[in-house]
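Biologist: Could you take a close look at one part of this model for me? I'd like to hear about a single residue and what surrounds it.

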Amino acid sequence: MSELKILKQILKADLTKNELKTVIFLLSIDEKTIKLTNAEIAEKLGFTASNTIRTLKKLKSVNVIGERKNGIFIKSINSWKHTKTK
């Protein structure tokens with residue numbers, strides 16, 4: 001997949017700095033299913049627990065991440081979308 005396509009999808013999803021930081025962190029984990037807790041993700045990123053939960057909810061709402069019963073995963077970049085905020 002080309003870097004240009006990835007950048008276009010990031011723009012399309014309208015990710016914030018914290019969301020981008022989270023996606024990059026999750027992509028750096030060499031597992032299909034990421035089994036870290038929200039607290040562990042928050043600690044690794046230097047976020048508060050509430051920031052981490054809010055960020056993960058937003059990433060789910062724009063189809064960047066999905067949930068499995070044993071963790072989360074990064075969805076196909078083609079499914080990422082923009083959700084308008086009020």
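Modeller: Glu-19 counts as buried because its relative accessibility is 6%, where buried means under 20% relative accessible area with a 1.4 Å probe and protein chains only. Bear in mind that this is a predicted model, where local features need pLDDT of at least 70, side-chain atom pairs count only at pLDDT 80 or more, and totals for chains, interfaces and linings use all residues. Residues are numbered from 1 along each chain as its sequence is written, and side-chain values use heavy atoms, with hydrogens and water left out.

Glu-19 sits in helix 2, helices here being DSSP runs (H or I, at least four residues) numbered from the N terminus. So what does Glu-19 touch, leaving aside its neighbours within four places in sequence? Its contacts (heavy atoms within 4.5 Å) are Asp-14, Thr-55, Lys-58 and Leu-59.

Now for helix 4, which covers residues 49-61. Its axis and that of helix 3 (residues 38-45) come within 9 Å and cross at roughly 105°; axes are lines fitted to C-alpha atoms over the stretch in contact, and angles run from 0 to 180 degrees between N-to-C directions. On the helix 3 side, Asn-38, Ile-41 and Ala-42 take part, meeting Ala-49, Thr-52, Ile-53 and Leu-56 of helix 4.

Methods
Helices (H or I, at least four residues) and strands (E, at least two) are DSSP runs, numbered from the N terminus. Buried means under 20% relative accessible area, exposed over 50%, partly exposed in between (1.4 Å probe, protein chains only).
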